[in-house]
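Visitor: I'd like a walk through this one, starting with the charged pairs and then moving on to the packing. Could you show me the model?

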Amino acid sequence: DGLDYVASYPDLIAAFGNAGTMTAVEDAGARHFIQYGHGEQRSTSFNGLDYIASYSDLISAFGANGDAGAFHFIEHGFNEHRATTFDGLDYIASYPDLIGAFGANEQAGAIHFIDHGWLEHRTTTFDGLAYIAGYPDLMLTFGANNDLGARHYIDYGAGEHRTTAFNVAAYEQAHPDLIGVYATDDQFLTAYVNYYAATGHYLT
């Protein structure tokens, strides 16, 4: 997707953000990838639907229109320092009914939240990193990859009755030298998983 591709890179936003229409920006992104991005091994990391689902004003303005979300980020959101905080896979993994309905379909998760979940006051309670951190086999297999953790839980973990709880605060209390070292739980979990994956030992 040319728009999601442009939205993934600040240099492309700067280069093509003033191209004019949504179609013009999308085409510019596609041309850049064909001519340069493929050779540079660039990939698309931005998701317009997840971006919309992160903000109530964008849900109201655009609904489940991923292209409109990406174009908004390119034109406005990047300069407004907006960030994507919603994850469609974590959202699906938070609810058995969504696991059954959609499987590991990130786009479907974002669309459901935009169309229904937001009005139903649903929230995301699953965290792929916390799930991975609870299991040595997952740490060794996936490393600190949140999406792979969510996909595993949706495809297998829920059916295997695996737990999704990893208590960062309790772990830090048990290892006081770690208290205050990491600014957020995600930073701690990333370090915890990567350390185990690299050494086979737990972070202490």
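Visitor: Which residue does R82 meet in a salt bridge?

Guide: A salt bridge here is a side-chain nitrogen of Lys or Arg within 4 Å of a carboxyl oxygen of Asp or Glu. R82 sits in the loop between α6 and α7 (88-93), and its partner is in helix α5 (residues 56-62), so the pair ties together parts that are 25 residues apart in sequence. The N to O distance is 2.9 Å, and the partner is D57.

Visitor: Before we go on, what sort of model is this?

Guide: It's a predicted model, where local features need pLDDT of at least 70, side-chain atom pairs count only at pLDDT 80 or more, and totals for chains, interfaces and linings use all residues. Residues are numbered from 1 along each chain as its sequence is written, and side-chain values use heavy atoms, with hydrogens and water left out. In short, the model is predicted.

Visitor: Is D57 buried, partly exposed or exposed?

Guide: Buried means under 20% relative accessible area, exposed means over 50%, and partly exposed is in between (1.4 Å probe, protein chains only). R82 has 18%, so R82 is buried. D57 has 38%, which makes D57 partly exposed.

Visitor: Where does R122 find D97?

Guide: Their side chains meet in a salt bridge at 2.9 Å, N to O. This pair links distant parts of the chain, 25 residues apart, with R122 in the loop between α9 (106-117) and α10 (128-133) and D97 in helix α8 (residues 96-102). Helices are DSSP runs of H or I with at least four residues, strands are runs of E with at least two, and both are numbered from the N terminus. As for burial, R122 is buried at 17%, while D97 is partly exposed at 42%.

Visitor: Which residues are linked with R42 in a network of salt bridges?

Guide: R42 is buried at 18% relative accessible area, and its side chain meets that of E40 at 2.7 Å, N to O. E40 is partly exposed at 44%. The network joins R42 with E40 and D11.

Visitor: How many salt bridges does the count come to?

Guide: The R82 and D57 pair is a salt bridge, and so is the R122 and D97 pair. By this rule the count comes to 8.

Visitor: On to packing, then. At what angle do α3 and α6 cross?

Guide: Two packed helices are described by the angle between their axes and the distance between the axes. The axes are lines fitted to C-alpha atoms over the stretch in contact, with angles from 0 to 180 degrees between N-to-C directions. For α3 (residues 22-37) and α6 (residues 66-77), the axes come within 11 Å and cross at roughly 85 degrees.

Visitor: Which residues of α6 does α3 meet?

Guide: Contact means heavy atoms within 4.5 Å. From α3 come M22, V25 and E26, and in α6 they meet D67, A68, F71 and I74.
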